[in-house]
Amino acid sequence: MPPLSPVGRLAATVERLSREVRAAQAEAEGRALIELAKGILVERLGCGPARAARQLAELAEQAQVTPLELAVDVINQAARDRVSEVTDAFLAATAAAEAEAAGEGTGSEDAEAESAAVRLRAAESGALAADDTQAVAVSLLEQALRPLGAVAVAIWAAGADGSLTLAGSAGFSPAEAARWRYVPPDVVTVARRGLTERQGQWIASLGRTGLPSIGRHQHPDGGRVAVPAGTGGRIHGVLEIVWAAPLAPQPPQIIRQVEALAELCAHTLETYSPPLGAAQEPRVLPDAAELMDLADGLHDPALVLVPHLDGSGNLGDFRIHHVNDRFLDPAGRPRAVVNGALLLEAYPMAAGESELFQRVERVYATGEPFRARRMNLTALVDQVPLSAVADISISRHGNAVLLIWRIEDETARLASLLQHAQRLGRIGGFEENLLTGEITWNGQLFDLYGRPESSTPVPLEELPAHAHPDDAVTIGRFLRTLLHHRRPASAAFRLQRPDGVTRHIRVVAEPVLDTDGRLLVVRGAYQDISAQHWTEVALAATRDQLAHTEQQASERSRLALQLQQAIMPPTHAPLRLPELQVAVRYRPAETEQLVGGDWYDAVVLPSGLVLLSVGDVAGHGIEAATSMVVLRNALRGLAVTGAGPGQLLSWLNMVAHHLTGEVTATAVCGLYDPATRALRWARAGHLPPVLVREAEAAPLPLVKGMLLGAVPETAYEEAEIQLAPEDTLLMYTDGLIERRDRSVEETLTHLLTTARAAPSTLDQQLDRLLTYSRSDTDDDTCIVGIRVS
């Protein structure tokens, strides 16, 4: 073997000294367990320490185990606590594995089981002997957790406000521990999850959760365990353990071992007092006596509760340690009966519908206060019909819980509601004693009268002096019915206040009679109905105005309809010419108020030509009807000049722009020559005519033309088409095809399909177009049709 270098010799020396230190620590911890076992034997055998030491050595020799292992067995048998349960479970699991392996590897398994037992007891011994929580964390990591693969441990103390304080840690750098010394309330971390979940958090990999925690940057993908540390039903903090690598699922005995270590931490956290710092205020943990003084100083009913543990040391109930002077039992029992009783005995239904007990238990366990408004306490007392609603406040103070319930006074609440109702309804109540002359008004009635509350109320007999003179008869009838006939009465009058304001008031009153029928008291109420009165006046005026407006609209619609029907009656005799049939149809709007400006015309001119036209004036009513008459007659007069359809529309545009109040309209104008069967036509923003030829229907090609009245002067393009025998030409207004939910292209396609099926006569064809029209705008419709023979 080559000689060691100076650095190698130094490393070997450090390793040897480290082994010696660990051995010394183990020996010291072993001596503590052996001394504890010797103490148990002294108590059980009634002997001295020397004899107990000899007895322990002899028993170890007979059992062929070390004195340390025998000492742990003695402690487990005597303690029978969570550590004992964990050790027994570990030994049982090892025995089962040993039997399954048929004797293979039993020596190592026995050693592992025995080392686990020694490890747990050594950790317990170190925790109990440690003078602070930091030493407890170091002892737990070195003695019990590092053999399980853990690399760090943190012990968190839970504050009454829900905060977490790092009470002790091991395996973290000092900077990391200082950075995590305090976690404010409501910050979600691994430790807080362990505190709130109550069942412990076993996280395979911290990186998958995204939760912040101490040492996250050192072991980002390592496993984490956060177990609540509590005793007697109260949680004092959390034990958090860190693994460097992902954590595999652990067997039940390991889980129980960690829970036992968390319980060891809880015993230390019971007396833990965090240091003052910038992030924390000093915590005062008063005992039950101090909390009693606090409860007695409150103006609300309060109970001081202390935990009541069962035989196993678990929280079973809370004892009502003290109730203050303002406490009222919902069942009406004296305070002495409730004071000193268990919470579930005094109020057995607290664990039922109201969940009050569960709220108290959670506050005691976590230290997080609970408050609720209008919590239903109906089921607090069994077999007692209650309807109590209360504001609840629960908080933990040291080892006691303060429960405050502010039971809502139903009578006071109804009185408050009545006051609000009177204020919103502007109602003032009164009561007048006719024997003593005493009059009682509420504050709202003084406000209605415009008088200060220090003034003298007005008697009923003086009511006419405060009312409008025109209401004297009404007031007199009211007083006679009430005071003379002694029957309930009501009246509406105008109250004249001292500030000159007149209010419209309704008064309602009833008499109160004695057994002999004598009138004793009159009580009633005044209500300010000014707003209602003026609303009724405004509604009446509005109804009158509306009726007048409706009458005017009806008259205008009637005149417009008469004017329209006078110019274009719905029935029109067909125009007959040699080798040409001319037919027209007009369908007025179904609603008279929508009388429109559609027109049509078919007339033979002095030149022998036939004038064919349809048009539509924008708008409805009498204005549209009169504008239609102007344009229709103007076109007739202009056509006599012999001008072409384009020139006619150009002149008609000037008429629409200058002579009709700047109305706008669309039109199509055609001149048919019977001699040549030629049709010249022009359009002004109107749909083109439709030509039906040999079972085919299509619109004529578009020619340029702006709608009438838009600009002072414009030109219109003309087009000419040669008609053949049996051809049918259709001119129409948009009322035939217009729909709100379809485009013009779709509705025009339907019109062409209908027009193809041409009946035997032109009249039948126009009637068919009106019958199968899909228009839904309720507008006027005009159709002009010609058929060449």
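**Salt bridges**

I started with arginine 497 and aspartate 499, whose side chains meet in a salt bridge at 2.7 Å, N to O. A salt bridge here is a side-chain nitrogen of Lys or Arg within 4 Å of a carboxyl oxygen of Asp or Glu. Side chains of opposite charge can pair when their charged atoms come close. This is a predicted model, where local features need pLDDT of at least 70 and side-chain atom pairs count only at pLDDT 80 or more, while totals for chains, interfaces and linings use all residues. Residues are numbered from 1 along each chain as its sequence is written, and side-chain values use heavy atoms, with hydrogens and water left out.

Next I checked accessibility. Buried means under 20% relative accessible area, exposed over 50%, and partly exposed in between (1.4 Å probe, protein chains only). Arginine 497 counts as buried at 17%. Aspartate 499 counts as partly exposed at 46%.

I then looked up arginine 693 and aspartate 727. Their side chains form a salt bridge, 2.6 Å from N to O. Arginine 693 sits in strand E23 (residues 690-693), and aspartate 727 sits in the loop between strand E25 (718-722) and strand E26 (728-732), so the pair ties together parts that are 34 residues apart in sequence. Helices (H or I, at least four residues) and strands (E, at least two) are DSSP runs, numbered from the N terminus. Buried or partly exposed: which is aspartate 727? Aspartate 727 is buried, at 2% relative accessibility. Arginine 693 is partly exposed, at 33%.

My last pair was arginine 742 with aspartate 741, where the closest N and O atoms are 3.3 Å apart. Arginine 742 is partly exposed at 44%. Aspartate 741 is partly exposed too, at 43%. Salt bridges with shared partners link Arg739, Asp741, Arg742 and Glu746 into one network. I noted a count of 21 salt bridges by this rule.

**Helices H19 and H20**

Two packed helices are described by the angle between their axes and the distance between the axes. I looked up helix H19 (residues 622-639) and helix H20 (residues 645-658): their axes come within 10 Å and cross at roughly 140 degrees. Axes are lines fitted to C-alpha atoms, for helices over the stretch in contact, and angles run from 0 to 180 degrees between N-to-C directions. H19 and H20 are therefore oblique to each other. Angles under 35 degrees count as roughly parallel, over 145 as roughly antiparallel, 65 to 115 as roughly perpendicular, and the rest as oblique.

Which residues of H19 meet H20? On the H19 side I found Val630, Leu631, Ala634, Leu635, Leu638 and Ala639; on the H20 side, Leu648, Trp651, Leu652, Val655 and Ala656. Contact means heavy atoms within 4.5 Å. By class, this contact has 11 nonpolar, no polar and no charged residues. Ala, Val, Leu, Ile, Met, Phe, Trp, Tyr, Cys and Pro count as nonpolar, Asp, Glu, Lys and Arg as charged, and the others, Gly among them, as polar.

**Leucine 609**

Leucine 609 lies in the loop between strand E19 (596-604) and strand E20 (610-620). I found that leucine 609 touches Val603, Val604, Tyr672 and Asp673, leaving out residues up to four places away in sequence.

**Helix H14 and the whole protein**

In helix H14 (residues 356-366), the buried residues include Leu356, Phe357 and Val360. Just after H14, glycine 367 takes a positive phi of about 80 degrees.

Finally, I noted 22 helices and 27 strands in the protein. Buried residues make up 43% of its 789 residues.
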